[in-house]
Amino acid sequence: MDPVAFAEAFVSGDAAGGCRVPSRGMERHRATLRSCGVASDARSRPAFAMKAFTTPKKDGRTARLVLDARPLNDAMRRPPSMDLPRLRDFIAEVERHRFAMQCDGVSYFYQFPVDASISRYFGIGMKGCDMLLNVLCMGWSWAPCIAQRASNVLVRDLGLAWVDNFLVLGGTLDEAERNVAVFRKRAQAARVEVRAEGDDALWQVRSRFVCVGVEFDLAAETQRHRLDPAWAERWVGGSGMTAVLSGRATARQFAEVFGGAVWATDILAVPRCHFAALLSFAGRLGGRMVDAAAPVWDEVVDVPPSARRELGALRKIVRENPWVVGGVPEDTEGASCGRTPARGRGRRCWRRKAGSWMGGRACSRDRTRTPTST
């Protein structure tokens, strides 16, 4: 990480810092953070000492360190584009090939060291003695951009990357194996440590695999991709889904279920015009959360019956989890629903609606189609 570029990313006058937010209970992880090289004890007061916490990983054995870096994020300019491919473009590119090798970066953010000259901006407030991060950590707004752009360099002309997930592609088995050999050399030169997904053997080339929540079958002529069955089962049978369909759920539960609905409709190519009530309610709730001085994610909200019916219909489709034939349509918002919006209009409408979780504005076009019961 270039210290000069880091300094230039600050909003004028905000680099001085002076923020200290203590972390509750993080001192019990001090020895682990020190022994793993993730953080070290601060010898002087950090410019930004922020709250940190851990969240369990899906393996059920390890935890992920997250830094509540909002004070630092507010003092810096917004990061540039991550250059993360759109999900539809990602799927379409994969389906142009027949073979792939998949691997993940091991604790990928930890493989990016923080220069000692700027480590004082990445402090963890702790009882007794603060700590300084030695590596990138989730929570800083620039971290995903740095990781994704580095990943794009590693797979350039070889395949695709989704942050810490690498997919090396080939139209033939020989081409795939040649590309894998090039990728291995690049990873070794960059000292990037990778591992295979699940129980697969590292560097194994295959035609059927699961990547970024999508199951691909590149050997089939007509059946190409669908949702990861394990993810679909968790989303359909989760406690959040049960709460939302009952009509009373926390805002956090609805946000998680709604995010899964966005993901599922994109992968299964389900026309989103069938979910006007669900989108409208999500827009209103998201706008309310954004406008609030301090969003209360544990607030219980009443989910309208029309939104629940639409979610129930989507849940049934996800439970069946059909294979999508022939790739993802360019415009799933207006496909197969009896209406033909102007090119791109439906997509922009959907983006404004989903974006209301961050921007607080709903789309007037959707409001006019929403039943009065919502």
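User: First up, in which handedness of crossing does H10 pass H11?
Analyst: The crossing of H10 past H11 is left-handed. Bear in mind that this is a predicted model.

User: And what angle do H10 and H11 pack at?
Analyst: About 120 degrees, with the axes 7 Å apart. H10 covers residues 276-291 and H11 covers residues 305-320. The two helices are therefore oblique to each other.

User: Which residues make that contact?
Analyst: From H10 you have Ala276, Ala277 and Leu278, and from H11 Ser306, Ala307, Glu310 and Leu311. By class, the residues of this H10 and H11 contact are 5 nonpolar, 1 polar and 1 charged.

User: OK, now H8 and H9. At what angle do they cross?
Analyst: Helix H8 (residues 239-246) and helix H9 (residues 251-268) cross at roughly 105 degrees, and their axes come within 9 Å. Angles from 65 to 115 count as roughly perpendicular, so H8 is roughly perpendicular to H9.

User: Who's touching whom there, and how many of the contact residues are charged?
Analyst: H8 puts in Ser239, Gly240, Met241, Ala243 and Val244, while H9 contributes Gln253, Phe254 and Val257. The contact of H8 with H9 has no charged residues, with 5 nonpolar and 3 polar.

User: Let's zoom out. How many helices and strands does the protein have?
Analyst: There are 13 helices and 18 strands. The protein has 374 residues, and 47% of them count as buried. On contacts, take those between residues at least 6 apart in sequence: 74% of them join residues at least 24 apart.

User: Switching to aromatics. How many aromatic pairs are there?
Analyst: The count comes to 17 aromatic pairs. In one of them, phenylalanine 6 and phenylalanine 10 have ring centres 5.3 Å apart and planes at 80 degrees, so that pair is edge-to-face.

User: Which aromatic cluster are Phe6 and Phe10 part of?
Analyst: One made up of Phe6, Phe10, Phe48, Tyr121, Phe122 and Trp140.

User: Now some loops. Where does alanine 219 lie?
Analyst: In the loop between strand S14 (214-217) and strand S15 (223-227). Its relative accessibility is 52%, so alanine 219 counts as exposed.

User: What does alanine 219 contact, beyond its neighbours within four places in sequence?
Analyst: Arg98 and Ser207. Alanine 219 and serine 207 are 12 residues apart in sequence, with 5.7 Å from C-alpha to C-alpha.

User: How about cysteine 36, buried or exposed?
Analyst: Cysteine 36 counts as exposed, because its relative accessibility is 55%. You'll find cysteine 36 in the loop between helix H2 (30-35) and strand S2 (39-41). From cysteine 36 to tyrosine 110 is 74 residues in sequence but 9.8 Å in space, C-alpha to C-alpha.

User: Last topic, backbone. What is phi of arginine 191 near?
Analyst: Near 55 degrees, a positive value in a residue other than glycine. Arginine 191 sits in the loop between helix H6 (173-189) and strand S11 (194-196). With 75% relative accessibility, arginine 191 counts as exposed.

User: And what's phi of tryptophan 203 near?
Analyst: Tryptophan 203 has phi near 70 degrees, also positive and also in a residue other than glycine. Tryptophan 203 is in the loop between S11 and strand S12 (205-206).

Methods:
Residues are numbered from 1 along each chain as its sequence is written. This is a predicted model: local features need pLDDT of at least 70, side-chain atom pairs count only at pLDDT 80 or more; totals for chains, interfaces and linings use all residues. Side-chain values use heavy atoms; hydrogens and water are left out. Axes are lines fitted to C-alpha atoms, for helices over the stretch in contact, and angles run from 0 to 180 degrees between N-to-C directions. Helices (H or I, at least four residues) and strands (E, at least two) are DSSP runs, numbered from the N terminus. Angles under 35 degrees count as roughly parallel, over 145 as roughly antiparallel, 65 to 115 as roughly perpendicular and the rest as oblique. A crossing is left-handed if the near helix is turned anticlockwise from the far one by less than a right angle, and right-handed if clockwise. Contact means heavy atoms within 4.5 Å. Ala, Val, Leu, Ile, Met, Phe, Trp, Tyr, Cys and Pro count as nonpolar, Asp, Glu, Lys and Arg as charged, and the others, Gly among them, as polar. Rings of Phe, Tyr and Trp (its six-membered ring) pair if their centres lie within 6.5 Å; planes under 30 degrees apart count as stacked, over 60 as edge-to-face and the rest as tilted. Buried means under 20% relative accessible area, exposed over 50%, partly exposed in between (1.4 Å probe, protein chains only).
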